[in-house]
Amino acid sequence: MLVLVVVMLAILLAMATLSVDVARMQLTRTQLRTASDAAAHAGSEALVRTQSVADARLAAKQAALRNPVAGTGLQLADTDILFGRATQSSRGEFVFNQGETPPNSVRIIGRRT
């Protein structure tokens with residue numbers, strides 16, 4: 001009986017550890033999505049207000065830093081912030097076309113490794 005209890009405790013401990021790790025990954029994914037959305041919103045708001053890609057990039061970076069992902073603010077590189085035009089397709093969904101001018105939308109590529 002003692003052997004069975006020891007084996008079951010080891011299995012229970014492994015399952016608890018795995019569930020905590022999976023929960024942490026899901027929390028980090030949610031935080032990353034929230035920080036990326038906030039950065040895109042701030043960047044597009046600045047783009048509409050100032051019509052300046054540089055100001056929009058700065059606003060997106062600042063918004064990303066204010067949103068923690070796994071305990072620290074999300075740091076964006078310039079290559080993670082894409083500008084372009086969003087147009088509505090015949091099916092009603094919006095399509096992002098990177099690099100088209102004048103830009104009217106911002107896409108953020110949030111990464112955490």
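**View 1. Leu-82 is a buried residue, with a relative accessible area of 13%.** Buried here stands for under 20% relative accessible area, exposed for over 50% and partly exposed for what lies in between, with a 1.4 Å probe and protein chains only. This is a predicted model, in which local features need pLDDT of at least 70 and side-chain atom pairs count only at pLDDT 80 or more, whereas totals for chains, interfaces and linings use all residues. Residues are numbered from 1 along each chain as its sequence is written, and side-chain values use heavy atoms, with hydrogens and water left out. Leu-82 belongs to strand β3, strands being DSSP runs of E with at least two residues and helices runs of H or I with at least four, numbered from the N terminus. Apart from neighbours within four places in sequence, Leu-82 has contacts (heavy atoms within 4.5 Å) with Phe-96, Gln-98, Ser-105, Val-106, Arg-107 and Ile-109. The C-alpha atoms of Leu-82 and Ile-109 are separated by 8.1 Å, although the two residues are 27 residues apart along the chain.

**View 2. The buried residues of helix α2 are Ala-56, Ala-59, Ala-60, Ala-63 and Ala-64.** Seen down the axis of α2, these residues fall within an arc of 130°, taken from the directions from the helix axis to the C-beta atoms, and so they line one face of the helix. Their cover includes α1, β2 (72-73), β3 (81-88) and β5 (105-108).

**View 3. Asp-78 and Lys-61 meet through their side chains in a salt bridge, at 2.5 Å from N to O.** Because Asp-78 lies in the loop between β2 and β3 and Lys-61 in helix α2, the pair ties together parts that are 17 residues apart in sequence. A salt bridge requires a side-chain nitrogen of Lys or Arg within 4 Å of a carboxyl oxygen of Asp or Glu. Asp-78 is partly exposed at 42% relative accessibility, and Lys-61 is likewise partly exposed, at 25%.

**View 4. Within helix α1, Arg-49 and Glu-45 are four residues apart and thus separated by about one helical turn.** The two residues form a salt bridge whose closest N and O atoms are 2.9 Å apart. Arg-49 is exposed at 56% relative accessibility, while Glu-45 is partly exposed, with a relative accessible area of 38%.

**View 5. Glu-93 and Arg-91 form a salt bridge, with the closest N and O atoms 2.7 Å apart.** Glu-93 counts as partly exposed at 40% relative accessibility, whereas Arg-91 is exposed, with a relative accessible area of 68%.
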